Amino acid sequence: MDAEGALRERLVDVGVELVLSEGTASVGLREIARRAGVSHGAPRRYFPTHRALLSAIARRGFEELGARSAAATAESDAPREKLGALAQVYVAYALERRGMFELMFRHDLLDRGHESGDPDGPRLREATLPMFEHVVELVALCRAEAVGPSAVVTASALWANLHGVAQLWSWGSLPLALGGPDDGPGRLVEAALDAHLGPVTS
């Protein structure tokens with residue numbers, strides 16, 4: 001990697017650290033430049049807009065989540081087991097990398113491709129889709145149907161359910177409702193899968 005590429009990655013690294021420690025609202029070009037030890041104008045060479053910067057940070061999150069998901073599903077060929085592993089990884093990532101997780105799906109804040117002024121910048125709307133399309137495929141396999149509108153709707157509902165589990169658990173609402181369990185949200189993830197796909201039968 002050349003010096004220019006290394007500086008860009010360093011700026012993204014600093015942005016990730018800020019998101020994780022202080023949240024999305026703390027991320028700005030000037031603050032990242034200050035923490036990276038470069039001039040205030042340096043980040044503009046790589047991120048012409050605030051959206052472009054946030055998108056580069058969020059894309060790092062998708063790369064992390066994708067790597068964890070691939071590792072979690074590598075051991076199984078069964079669609080339901082793969083989907084269960086993906087669901088558990090998704091919620092676990094949300095709880096471990098809370099600031100990043102909250103940013104990744106805020107498409108109202110993120111790069112819109114050519115509208116950002118950065119034609120080479122990451123396009124987060126497209127970065128989200130491969131993960132979701134994989135979930136749709138697994139849902140269709142679990143239900144023994146072709147990939148189509150029905151599988152898309154079920155996958156969307158499951159995704160929303162898992163996202164809600166992650167958010168409500170991180171806010172303390174679900175532990176309170178469940179009487180303060182200390183074993184994590186795993187049971188709720190399984191319940192969500194059963195609700196949308198039916199229980200596993202022996």
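This is a predicted model: local features need pLDDT of at least 70, side-chain atom pairs count only at pLDDT 80 or more; totals for chains, interfaces and linings use all residues.
Residues are numbered from 1 along each chain as its sequence is written, and side-chain values use heavy atoms, leaving out hydrogens and water.

Let's start with the aromatics. The structure holds seven aromatic pairs, meaning Phe, Tyr or Trp rings (for Trp the six-membered one) with centres within 6.5 Å; planes under 30 degrees apart are stacked, over 60 edge-to-face, and the rest tilted. Two of these pairs:

| Pair | Centre to centre | Angle between planes | Type |
|---|---|---|---|
| Tyr46 and Phe47 | 6.4 Å | 55 degrees | tilted |
| Phe105 and Trp159 | 5.7 Å | 65 degrees | edge-to-face |

Phe105 sits in the loop between α5 (98-104) and α6 (124-142) and Trp159 in helix α7, so their pair ties together parts that are 54 residues apart in sequence. Helices here are DSSP runs (H or I, at least four residues), numbered from the N terminus. Phe105 is buried at 17% relative accessible area, but Trp159 is partly exposed at 26%; buried is under 20%, exposed over 50%, and partly exposed in between (1.4 Å probe, protein chains only).

Now for Arg60, which is found in helix α3 (residues 50-73). Arg60 is buried too, at 17%. Its side chain makes a polar contact with the side chain of Glu9, at 3.0 Å. Such a contact is a pair of N or O atoms within 3.5 Å; within protein, one must be able to donate a hydrogen and the other to accept it, and residues adjacent in sequence count only if both atoms are side-chain atoms.

Terms used: Helices (H or I, at least four residues) and strands (E, at least two) are DSSP runs, numbered from the N terminus.
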